[in-house]
Number of protein chains: 2
Amino acid sequence: MAEDRFARDTAVVAAGPGSYRGRVDPGWAVVDGAAPNGGYLLAIVARAMQHETGPHPDPVSLTGHFLRPPQPGDVDIEVEVIRRGGRHTTVSARLLQDGAACVHLLGAFGDLTSAEGWDRVDLAPPDYPPLAECVDVTSAARARAAAGELPRFPIQERFDHRQPAELASWALGRPTGRGEMGGYLRLADAPDDAAMDPLGLLVVADCFAPAVFNTTAGLSSWVPTIELTVQLRAHPAPGYLAAAFSTRAITRGYLEEDGVVWDAAGNLVALSRQLALAPR
Amino acid sequence: MAEDRFARDTAVVAAGPGSYRGRVDPGWAVVDGAAPNGGYLLAIVARAMQHETGPHPDPVSLTGHFLRPPQPGDVDIEVEVIRRGGRHTTVSARLLQDGAACVHLLGAFGDLTSAEGWDRVDLAPPDYPPLAECVDVTSAARARAAAGELPRFPIQERFDHRQPAELASWALGRPTGRGEMGGYLRLADAPDDAAMDPLGLLVVADCFAPAVFNTTAGLSSWVPTIELTVQLRAHPAPGYLAAAFSTRAITRGYLEEDGVVWDAAGNLVALSRQLALAPR
């Protein structure tokens with residue numbers, strides 16, 4: 001794989017037994033100058049975890065609890081292998097900055113390229129309009145930032161990001177009225193024939209606007225993630241991914257957001273669920 | 001709350017800073033003499049975690065990774081508080097037996113009785129037939145075990161467990177053809193006016209037959225859970241709970257099972273998702 005920006009911005013170097021150094025790049029912040037994307041933080045830590053999981057590079061289930069947002073800059077990652085099994089390695093880790101824990105993770109890693117077993121998917125990829133009929137969300141956000149209408153959203157620039165007009169119109173004050181979000185995307189610097197790094201799916205699971213923004217007009221405040229769990233199911237084929245997110249149960253200020261991610265070949269490649277605090 | 005069997009069989013005693021002793025009772029095994037129910041193990045550990053989370057007794061998100069099944073008998077629980085926040089306490093824990101880790105957990109605990117915020121639920125409770133028209137699964141299983149047709153399922157005896165005939169008929173060789181399971185239940189020894197201990201929801205999230213058993217005739221082998229995450233959303237009202245489970249994506253032998261649990265007052269009280277290995 002070429003040294004793309006995602007690879008560079010999630011690279012880690014060994015610093016001792018189970019210890020790694022990484023770097024939070026400001027280019028994956030949700031809003032310019034604000035907290036880095038949670039999925040991006042998971043990807044940095046998962047990169048370090050991969051160094052410890054031997055024959056099991058793929059997080060088939062990875063849970064992250066978000067304790068405090070790190071600033072851009074150096075971070076430390078500590079990885080502890082909990083169990084080495086034949087099929088999975090179970091591992092915990094934390095990301096720290098200046099000695100303070102920012103994210104705590106627990107996951108099971110396997111090998112999706114060699115996994116064999118029953119296949120039966122009773123879900124269908126989302127029936128979005130073709131790519132060419134979708135809104136270029138990245139360009140739209142860039143234009144509105146240039147016009148001073150909105151802040152800059154650095155993580156949007158990392159992706160070539162298209163959404164069906166219906167799902168994107170919440171940003172123009174026209175939500176669908178349902179807790180749904182989604183669209184197509186690939187890394188902005190990906191060659192046409194490049195397949196996304198499986199760890200990129202951790203970012204994909206958390207890089208759309210919150211599905212809750214489509215429930216009601218006027219929502220745009222931060223929806224802090226308490227916990228995010230991603231199940232990787234397959235390495236993506238080259239091309240755009242299609243992702244669909246939904247929020248169906250907001251209770252006492254808590255909400256879940258469920259995601260399903262498909263590759264261009266129609267394979268289900270990831271499931272995600274997060275618990276977050278609803279906007280007030 | 002009366003000292004019911006669930007309270008007794010999940011009780012822990014302090015054994016040192018962050019250390020607790022508990023006991024795995026054989027009465028919560030899935031099959032007589034086999035592994036204890038995973039949700040039951042989570043409940044034992046969550047009981048110990050509650051001792052460390054101060055004003056935050058409720059696991060709003062609790063993830064458990066299952067490493068090896070413990071035998072009935074004494075277990076040790078080690079709890080580590082990761083972060084004490086105003087709204088949540090984040091905590092990790094492990095359950096060990098004879099020094100070997102059996103379950104590793106990570107969770108965020110809050111206080112659901114004082115939580116306030118937005119409520120909007122775009123899901124409806126399952127439209128099961130009335131309780132009186134459902135199959136008494138507990139009695140049916142007991143009769144078949146007495147007749148020597150099936151092994152005894154100890155955990156079934158812990159619940160008064162009713163299922164719509166359509167969902168229960170997989171056990172008679174008539175699956176629905178879809179990855180779905182569910183029904184009504186309450187603890188077998190609960191007085192009519194008793195509300196279930198919120199930690200009981202951890203068991204409810206994992207105590208039905210796997211939804212995958214309804215996809216295809218002839219499935220009944222073990223579906224080992226790799227990871228189970230439960231979001232508690234509210235303390236249940238008195239009466240029967242209604243729970244619905246679904247499995248929609250079986251890929252390369254991995255499956256998810258999602259659950260939604262409602263109380264008798266129509267409140268959504270828990271969401272669950274697990275990653276498990278499909279029967280071969």
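1. A cavity is a set of points, on a 1 Å grid over the protein atoms alone, where a 1.4 Å probe fits but cannot get out, and its lining residues have an atom within 4 Å of a point. The model is a predicted one, in which local features need pLDDT of at least 70 and side-chain atom pairs count only at pLDDT 80 or more, while totals for chains, interfaces and linings use all residues. Residues are numbered from 1 along each chain as its sequence is written, chains are lettered from A and ligands numbered from 1 in the order in which they are written, and side-chain values use heavy atoms, with hydrogens and water left out.

2. The lining of that second largest cavity is formed by Ala141(B), Arg142(B), Ala145(B), Pro151(B), Arg152(B), Phe153(B), Gln156(B) and Glu157(B), and α3(B) gives the most to it, with 3 residues. The space inside is about 30 Å³, a volume being the space filled by probe spheres set on grid points that are joined across faces, edges and corners. By class the lining has 4 nonpolar, 1 polar and 3 charged residues, where Ala, Val, Leu, Ile, Met, Phe, Trp, Tyr, Cys and Pro count as nonpolar, Asp, Glu, Lys and Arg as charged, and the others, Gly among them, as polar.

3. Residues of both chains line the largest cavity: Glu227(A), Thr229(A) and Arg273(A) together with Thr229(B), Gln231(B), Leu271(B), Ser272(B) and Arg273(B). Among the strands, β15(B) gives the most to this lining, with 3 residues, and the lining as a whole divides into 1 nonpolar, 4 polar and 3 charged.

4. Chain A can be laid on chain B with an RMSD of 0.0 Å by a turn of 180° and a shift of 0.0 Å along the axis, the copies being superposed by least squares on the C-alpha atoms of residues with pLDDT of at least 70 in both. That is the relation of a two-fold axis. Of the residues of chain A, Leu106(A) comes closest to the rotation axis, at 3.5 Å (C-alpha).

5. The largest nonpolar core has 70 residues, of which Met49(B), Ile77(B), Phe159(B), Leu202(B) and Val203(B) touch the most other members. Such a core is a set of buried Ala, Val, Leu, Ile, Met, Phe, Trp, Tyr and Cys residues joined through side-chain atoms within 4.5 Å, where buried means under 20% relative accessible area, exposed over 50% and partly exposed in between, with a 1.4 Å probe and protein chains only. Helix α2 (residues 38-50) of chain B gives the most to this core, with 9 residues.

6. Two residues of chain B deserve a check of their backbone. Asp98(B), in the loop between β5 (89-97) and β6 (100-110) of chain B, has a phi near 50°, a positive value in a residue other than glycine, and counts as exposed at 78% relative accessibility. Arg252(B), in the loop between β13 (249-251) and β14 (254-262) of chain B, has a positive phi of about 50° although it is not a glycine, and is partly exposed, with a relative accessible area of 28%.

Technical notes
1 Å grid on protein atoms, 1.4 Å probe; cavity = no way out; pocket = protein on both sides within 12 Å on 5 of 7 lines; lining within 4 Å. Helix = DSSP H or I, 4+ residues; strand = E, 2+ residues; numbered from the N terminus.
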